[in-house]
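Please keep the structure in view while reading.

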Amino acid sequence: MRSVAAVVSGLALSAAFEPLAFAWLLPFGVLGFALTTRGLTPRRSALVGLLFGAAFYFTHIAWMRSSIGAPAWLTLSTVETLFYGALAATLPLLRTLPAAPLWCAAGWAAMENLRSTWPLSGMPWGRLSFAVIDTPAAPALAYVGMTGLSFALALLAFVLAEAIVAADRARGGTGPRRVVLLPAVGAVLVGASILLPALAPVDLEYDGEATVAVVQGDVPGPGNNILYDPPGVTANHVRATIGLAEDVAAGREPRPDLVVWPENSTTSDPFEPGVVRDGIEEAVARIGVPVVVGAIVDDGPKHILNQGIIWDPVTGPGQRYGKHHPVPYGEFIPWRNLWNPQFGRLGLIRRDVRPGTGATPMEAAGLRFADAICFDVAYDDVLPRQVRNGAQFLAVQTSNASFIFTHQIEQQFAITRLRAIESGRWLAVASTNGLTGIIDPDGRVVADAPARTPRVLVERMGLSDELTPALRMGEWPTRVFTGSFLVALVFGAVAYRRGREFRGPLTTGGSAETPAPPPTTSEAPRG
């Protein structure tokens, strides 16, 4: 029954995310994880955690099976599942300590951050904070950030678990009723802290505006293969931009200050002479303002660069942003010298994308903006870092053609909207064939384009130089939660070991959480 409950809890957590987006299931999913791992040894708790993690992650990124391929889906899901098993193994140790829900929630936040950065570049998909779009919890992001909100949501679940256990013991006569009060009050306070920011959202000053256009040119052919007709993809974006220039000349649209093309709007090196470069220069000349071109650039016989390039109508190509987090088995083959697959979609990856490293905002037409390419939007070291360095608004360039028939595009668009809330910035997202939109600092979609439809969106966007509390804190929440978890784990391991020594060998299936107190000696008689 415990194993079944763990699987059901993992599925419930998965249902909190797109495409179902039943966000109200999120605390119940984590609550199930907290309850099913109670009263177990670390080894048995790890097994239950693995069942929970597998049920959650294999379904959460099921879109990878049909887009990237089953081998990549199975490999990545298995790796991510291991993190939930590892976290579960630590819970019996952490529960030997006072204020155990705090350390368990810190462990959850630390686990999410570790798996978001390692191995390779990690995989952030599935962080608790990524499920809160269009909920009263979303405004809290501007105060505490992605890591802080994940911690708070996990803490709510672990405190609720303590309240349930205490109430069960009180009903069974094995615990005092007053013990139920503390975790119950704690759950109310944590829940209130998550929801209160909705009553007083962060309100930054916007001391300027810019008109930004985003272009969705569409992908020829079936729509899910950016390489089906690479020149056609570029031609579509050139045609859409020239159409925008004609609308501006006719007074049907305002002249933009900046135009954003999506990732892979050209998969041929635009620095080489030819049809692609000629098309880009014609489009830029006709619109008469800088265009951020998403391009694949040659970088030697073994590597390529996935970049956003500012193309100025007067000076030509200038500042570039390189994608920080290329997708393993999507844009590069890890350890290619040991295993170089030549089958399926993996065989199409002939050269590896070299990751970018810059954290300086892009500058064009007197504007400073943070750029992110596709999966970069999910990483904490990309957009937030550029905003702290002076970016006034956000731009996301994404292809998503490979995922156009899957729910990945909905999950990524939700994360993109959450980044706007976290940073208090307007955000423009350009996709080759979906989803393209303009998002305000509250996460509302001001304008969007239907998938697989050529469309240009032109909107006025506010500019701000101020920082939300979340971005002022920077990486400190991650450091605090990870550090406190590791310290608590050491103390918990000591307490757990002492408890085993006082109890003697554990019986199979026995509780391993609460160490028995050491024997006491009677006070010596006086006189």
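## Strand S3 and its partners

In strand S4, Asn306 stands opposite Ile296. The model in which this pair is found is a predicted one. The pair belongs to the antiparallel pairing of S3 with S4 (residues 303-312), which extends over eight bridges. Together S3 and S4 form a hairpin, with four residues between the two strands. Gly300 lies in the turn and has a positive phi of about 95°.

S3 (residues 291-298) also pairs with strand S2 (residues 258-260), here in the parallel sense and over two bridges. In this pairing, Val260 stands opposite Val292 of S3. Is S3 mostly covered or exposed? Strand S3 is mostly covered, as seven of its eight residues are buried. As a general principle, strands of a sheet pair through backbone hydrogen bonds, either parallel or antiparallel.

## The packing of helices H9 and H10

Two packed helices are described by the angle between their axes and the distance between the axes. For helix H9 (residues 230-249) and helix H10 (residues 275-287), the axes come within 8 Å and cross at roughly 15°. Because angles under 35 degrees count as roughly parallel, H9 is described as roughly parallel to H10. The crossing of H9 and H10 is left-handed.

Which residues of H9 meet residues of H10? On the H9 side they are Thr234, Val238, Thr241, Ile242, Leu244, Ala245, Glu246 and Val248. On the H10 side they are Val276, Gly279, Ile280, Glu282, Ala283, Arg286 and Ile287. The residues of this contact between H9 and H10 comprise nine nonpolar, three polar and three charged.

## An open sheet of six strands

Six strands form an open sheet with mixed pairing, in the order S7-S8-S9-S10-S11-S12.

Strand S8 (residues 367-373) and strand S9 (residues 393-398) run parallel and are joined by five bridges. In this pairing, Phe369 stands opposite Phe393 of S9. In a regular strand, the side chains alternate between the two faces of the sheet.

How values were computed. Residues numbered from 1 in each chain as written. Predicted model: local features only at pLDDT ≥ 70, side-chain atom pairs only at ≥ 80, totals over all residues. Heavy atoms only, no water. Axes fitted to C-alpha atoms, helices over the stretch in contact; angles between N-to-C directions. Parallel < 35°, antiparallel > 145°, perpendicular 65-115°, else oblique. Left-handed = near helix turned anticlockwise from the far one by under 90°. Contact = heavy atoms within 4.5 Å. Nonpolar A, V, L, I, M, F, W, Y, C, P; charged D, E, K, R; others polar. Buried < 20%, exposed > 50% of the residue type's maximum accessible area, 1.4 Å probe, protein only. Pairing = 2+ DSSP bridges.
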